[in-house]
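Dear colleague,

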Amino acid sequence: MAVEKTLPGASAGRTVLVTGGAGYIGSHAVLQLLLAGFRAVVIDNLNNSSELAVRRVAALAGDHSRNLSFHKIDLRDKGALEMVFASTRFEAVIHFAGLKAVGESVQKPLLYYDNNVIGTINLLEVMSVHGCKKLVFSSSAAVYGSPKNSPCTENFPLTPNNPYGKTKLVVEDICRDIYRSDPEWKIILLRYFNPVGAHPSGYLGEDPRGIPNNLMPYVQQVAVGRRPALTVLGNDYATRDGTGVRDYIHVVDLADGHIAALQKLFENSSIGCEAYNLGTGRGTSVLEIVKAFEKASGKKIPLIFGERRPGDAEILFSETTKAERELNWK
């Protein structure tokens, strides 16, 4: 069932391109866009997603689904991207598309630089040619690396410790350089922490192909018998129970953060290029998440303790005051 979320003055039928809009976070954001009155054009190469997610967004959006369209496109195919921009005038772009597995990025760094950086350069070049200079970029808390303390503010040093995080920082730097060279650009960089959960309908959620790289889908697959046990990557960290501590934010709250960022781009002519943390401001350990899942589901999750994963931080959670104050988001 579609639930209206009217945003005064923000949408007014504006058309937004969403790259990676068939993915976990992207699909939830597309639904929120539609319910807020935007028109959404989704492009995705379906590398780790499915067109089924787009169809489910359409079903949940009800009558708003008429404002949704989809193109299977890889951002590295500049010609195909150019055709989309030539056929539609976009007021803004939300850029989710990118590979996101920390461990895989350590093993295949060139793949990550090619996909995440080259693809983004193509997107920015085509946007510029077509006069579309409003961008919300899906960055990551991985740009902070392993900070000496938490919570992280947006002013913390940017020292990513894996290729995934480095690709996000490279794109952030490109965005800052673009704005300095051409102040017509308005860019918001959203550094989000660890998305979890699903749409309340249960019709959208995270179901990655192959072995999950994130904690919650792995726990869920163990719970339903698709995998025998959860391997906890490291139990010798200097934390309260030895496991890594992260900031787990519900995916719908995260999607709403992108709508708030769009509002800021449309309503504030002097935004420039700004970064915002999106998280809860609370750190939760891996074992605490597992125990909470067991309590809620009534399922026991078998555990195996393994070695630390290369590139992982020990403790990482957010300070969200800036987003609460400037984006009116919480």
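In H7, the residues Leu 215, Met 216, Val 219, Gln 220 and Ala 223 meet Val 286, Ile 289, Val 290 and Phe 293 of H9, where contact means heavy atoms within 4.5 Å. By class, the residues of this contact of H7 with H9 divide into 8 nonpolar, 1 polar and no charged. Here Ala, Val, Leu, Ile, Met, Phe, Trp, Tyr, Cys and Pro count as nonpolar, Asp, Glu, Lys and Arg as charged, and the others, Gly among them, as polar.

Some remarks on the basis of these notes are in order. The model is predicted, so local features need pLDDT of at least 70 and side-chain atom pairs count only at pLDDT 80 or more, while totals for chains, interfaces and linings use all residues. Residues are numbered from 1 along each chain as its sequence is written, and side-chain values use heavy atoms, with hydrogens and water left out. Helices (H or I, at least four residues) and strands (E, at least two) are DSSP runs, numbered from the N terminus.

Helix packing

Helix H7 covers residues 215-223 and helix H9 residues 286-297; they pack at an angle of about 40°, with their axes 11 Å apart. Axes are lines fitted to C-alpha atoms, for helices over the stretch in contact, and angles run from 0 to 180 degrees between N-to-C directions. H7 and H9 are therefore oblique to each other; angles under 35 degrees count as roughly parallel, over 145 as roughly antiparallel, 65 to 115 as roughly perpendicular and the rest as oblique. H7 passes H9 in a right-handed crossing. A crossing is left-handed if the near helix is turned anticlockwise from the far one by less than a right angle, and right-handed if clockwise.

The axes of H5 and H6 come within 9 Å and cross at roughly 20°, which makes H5 roughly parallel to H6. The crossing of H5 and H6 is right-handed. Among the residues in this contact are Tyr 112, Tyr 113 and Leu 124 of H5 and Tyr 164, Val 170 and Ile 178 of H6. The contact of H5 with H6 comprises 12 nonpolar, 3 polar and 1 charged residues.

Helix H3 (residues 78-87) packs against helix H5 (residues 109-129) at an angle of about 35°, the axes being 10 Å apart. H3 also passes H5 in a right-handed crossing. Lys 78, Leu 81, Glu 82 and Phe 85 of H3 meet Asn 122, Leu 123, Glu 125, Val 126 and Met 127 of H5. This contact of H3 with H5 has 5 nonpolar, 1 polar and 3 charged residues.

Sheets

An open sheet of 7 strands runs in the order S3-S2-S1-S4-S5-S6-S11, with parallel pairing; two strands pair if DSSP finds at least two bridges between them. Its edge strands are S3 (68-72) and S11 (273-278), each of which pairs on one side only. The twist averages 20° from one strand to the next. Within this sheet, 7 bridges join strand S5 (residues 134-140) to the parallel strand S6 (residues 186-192), and the bridge partner of Ser 140 is Tyr 192 in S6. Helix H8 (residues 251-267) packs on the sheet, touching S1 (15-19), S4 (92-95), S5, S6 and S11, and its direction makes about 160° with that of S6.

An open sheet of 3 strands has the order S12-S9-S14, with mixed pairing. Strands S12 (284-285) and S14 (315-316) stand at its edges with a single partner strand each, so one side of each is left without a neighbour in the sheet. Strand S9 (residues 245-246) is joined to S14 by 2 bridges, and the two run parallel. Val 245 stands opposite Ile 315 in S14.

Domains

The domain assignment gives domain 1 (15-199 + 250-279 + 320-327) and domain 2 (204-244 + 282-306); such bounds come from an automatic or database domain assignment. The centres of domain 1 and domain 2, taken over C-alpha atoms, are separated by 26 Å. Their contact takes 17 residues from domain 1 and 8 residues from domain 2.

Backbone

Most residues other than glycine have a negative phi, and most peptide bonds are trans. Leu 46, however, has a positive phi, near 60°, and lies in the loop between S2 (39-44) and helix H2 (51-61). A cis peptide bond, with omega about 10°, joins Ser 150 and Pro 151. Pro 151 is placed in the loop between S5 and helix H6 (163-181).

With kind regards
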